[in-house]
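The remarks are set out as numbered points, to be read beside the structure.

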Amino acid sequence: MAETDEPMLVDGDTGSTSDWDDRWNHIKKFLERSGPFMHPDFEPSTESLQFMLETCKILVIGAGGLGCELLKNLALSGFRNIHVVDMDTIDVSNLNRQFLFRAKDVGRPKADVAADFINSRVPGCCVIPYFKKIQDLDETFYRQFHIIVCGLDSIVARRWMNGMLLSLLVYEDGVLDPSSIIPLIDGGTEGFKGNARVIFPGMTACIDCTLELYPPQINFPMCTIASMPRLPEHCIEYVRILLWPKEMPFGDDVSLDGDDPEHIQWVYQKSLERAAEFSITGVTYRLTQGVVKRIIPAVASTNAAIAAACATEVFKIASSAYLPLNNYMVFNDVDGLYTYTFEAERKENCSACSQVPSDLHFSPSSKLQEVLDYLTESTSIQMKSPAITTTMDGKNKTLYLQSVASIEQRTRPNLAKTLKELGLADGQELAVADVTTPQTVLFKLCFTS
């Protein structure tokens, strides 16, 4: 954004910043005249611009590489009521591409700094920051927005947001109430590759419908990690997988948090000790954070292209002037520039957006461990640490819960028991909670012969 010499005229009654003449001419050309690409039901008028300027409320999730681009694009496109959520603080490594930040901002919350920058540089725009995890905000908070756009680097966070918007849907006699739908626009980048997608929860394919499209995480053999480490990543994984749950440095029920600097520092120091033991070099704080959080290197140009696509979709949906993307766009500039758009289809038995419990097919002699493995390893489910409960004789029974150490120890013997030994019956419902969703997911147990 270039510096401007235009005066910022403040209305004394409202405290809002007035617009100068012709400020929104570039937007009016799309909204106040017809064209060959207009939505067939769209009628040019001045009302769409007023809605964008005064009413439309947008939530941006993430203020990193994609988030900075999104905030800039949206603010300059006429959206003035923007909220941004991000749980991270600014690191020196962010400064090469996250252009809303400066060296003096290192250590400060990304959301706060990004909001301050946009508010000071784009007259009339009001960005409200939240230095929080998305999980710390409730249904009432998310229900207030017209559109939500994600610039996340985490599949787990995407799936949680997807689940939240699905939980807000209202059905009357099995029919979806359109007014309860909050469109989700999701952007993602991985090096020189990226994608943008438009999701209408309950109507189009959701995040979980297309889990197979996400690249599998790189996992190292446990024997290598435990006995024969050769790479610095092996040392870090040893501390993350084996040493943390053994020593529990921050308390019995505290899970490793990749966004907690104290946790990362502990893993880093222990990884250095492990590396020294096997004469391995290359363990750094940044690598440690990258392995724990599964960080993939970012490219500024890819972020810019994907954020532009996402901001365009926000504009199209907010104004109803053009048909939105239908519904998945792939971007690749590894060798030249390639884009491809296709329609991802809803999965009938999607565990997230289907209205009926998904079936789990196991024999009565199958062990609970097999069910747990299926929930975590199946490409269509990909849970992280599922907690399994059911109802027996009118009472809730926890079959296995991993996140709380004391309960994990008490329920661990159940993993070796068969489903029959646990008293489970054909057709019984299992309620599964996981970090990938804010809502409990129901599965129906179907016994096979």
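The points below concern a predicted model and proceed from the sheet and its helices to cores, rings and backbone.

1. Eight strands make up an open sheet with mixed pairing, and their order is 3-2-1-4-7-8-9-10. The edges are held by strand 3 (126–130) and strand 10 (338–342); each has a single partner strand, so one side of each has no neighbour in the sheet. On average, and with direction ignored, neighbouring strands of the sheet are turned by 15 degrees against each other.

2. Strand 9 (residues 328–332) and strand 10 run antiparallel and are joined by five bridges. Within this pairing, Val 330 stands opposite Tyr 340 of strand 10. The latter residue also takes part in a ring pair, described in point 6 with its partner Phe 342.

3. Helices on the sheet. Helix 11 (residues 300–319) packs on the sheet and touches strand 1 (57–61), strand 4 (147–151), strand 7 (184–190), strand 8 (193–199) and strand 9. The direction of helix 11 makes about 170 degrees with that of strand 7. Helix 4 (residues 110–121), in turn, lies across strand 2 (81–85) and strand 3, and runs at about 175 degrees to strand 3.

4. Nonpolar cores. Which residues touch the most other members of the largest nonpolar core? They are Ile 58, Val 60, Leu 71, Leu 74, Phe 79 and Val 149, in a core of 52 residues. Helix 11 supplies the largest share of this core, with nine residues. Leaving aside neighbours within four places in sequence, Leu 74 is in contact with Ile 58, Val 60, Phe 79, Ile 82, Val 149, Ala 311 and Val 314. Another core, of 24 residues, lies apart from it; among its members are Leu 59, Ile 61, Cys 150 and Met 164. As a general background, nonpolar side chains in soluble globular proteins tend to be buried together.

5. One of the pairs is formed by Phe 30 and Tyr 322, which are edge-to-face at 6.3 Å centre to centre, with 75 degrees between the planes. Phe 30 belongs to helix 1 (residues 25–31) and Tyr 322 to the loop between helix 11 and strand 9, so the pair ties together parts 292 residues apart in sequence. Phe 30 is partly exposed, with a relative accessible area of 40%, whereas Tyr 322 is buried at 17%.

6. Tyr 340 and Phe 342 form a stacked pair, with centres 5.9 Å apart and 20 degrees between the planes. Tyr 340 is partly exposed, its relative accessible area being 43%; Phe 342 also counts as partly exposed, at 25%. Elsewhere, ring pairs link Tyr 130, Phe 141, Tyr 142, Phe 145 and Trp 160 into a cluster. Arg 274 lies over the face of Tyr 238, at 3.6 Å from the ring centre, and Arg 23 lies over the face of Trp 20, at 4.6 Å from the ring centre.

7. The loop between strand 2 and helix 4. This loop contains Arg 97 and Gln 98. Arg 97 and Ser 301 are 204 residues apart along the chain, yet their C-alpha atoms are separated by 8.8 Å. With neighbours within four places in sequence left aside, Arg 97 is in contact with Ala 298, Ala 300 and Asn 303. Is Gln 98 buried or exposed? Gln 98 is buried, with a relative accessible area of 3%.

8. Backbone geometry. Asn 326 and Asn 327 are joined by a cis peptide bond, with omega at about -15 degrees. Asn 327 is located in the loop between helix 11 and strand 9. Asp 22, although not a glycine, has a positive phi of about 65 degrees. Asp 22 falls in the segment before helix 1 and is exposed, with a relative accessible area of 57%. Asp 173 likewise has a positive phi, near 55 degrees, in a residue other than glycine. The position of Asp 173 is in the loop between strand 5 (171–172) and strand 6 (175–176), where Asp 173 is exposed at 84% relative accessible area.

Terms used: Residues are numbered from 1 along each chain as its sequence is written. This is a predicted model: local features need pLDDT of at least 70, side-chain atom pairs count only at pLDDT 80 or more; totals for chains, interfaces and linings use all residues. Side-chain values use heavy atoms; hydrogens and water are left out. Two strands pair if DSSP finds at least two bridges between them. Helices (H or I, at least four residues) and strands (E, at least two) are DSSP runs, numbered from the N terminus. Axes are lines fitted to C-alpha atoms, for helices over the stretch in contact, and angles run from 0 to 180 degrees between N-to-C directions. Contact means heavy atoms within 4.5 Å. A nonpolar core is a set of buried Ala, Val, Leu, Ile, Met, Phe, Trp, Tyr and Cys residues joined through side-chain atoms within 4.5 Å. Buried means under 20% relative accessible area, exposed over 50%, partly exposed in between (1.4 Å probe, protein chains only). Rings of Phe, Tyr and Trp (its six-membered ring) pair if their centres lie within 6.5 Å; planes under 30 degrees apart count as stacked, over 60 as edge-to-face and the rest as tilted. A charge sits over a ring if NZ of Lys or CZ of Arg is within 6 Å of the ring centre and within 35 degrees of the ring normal.
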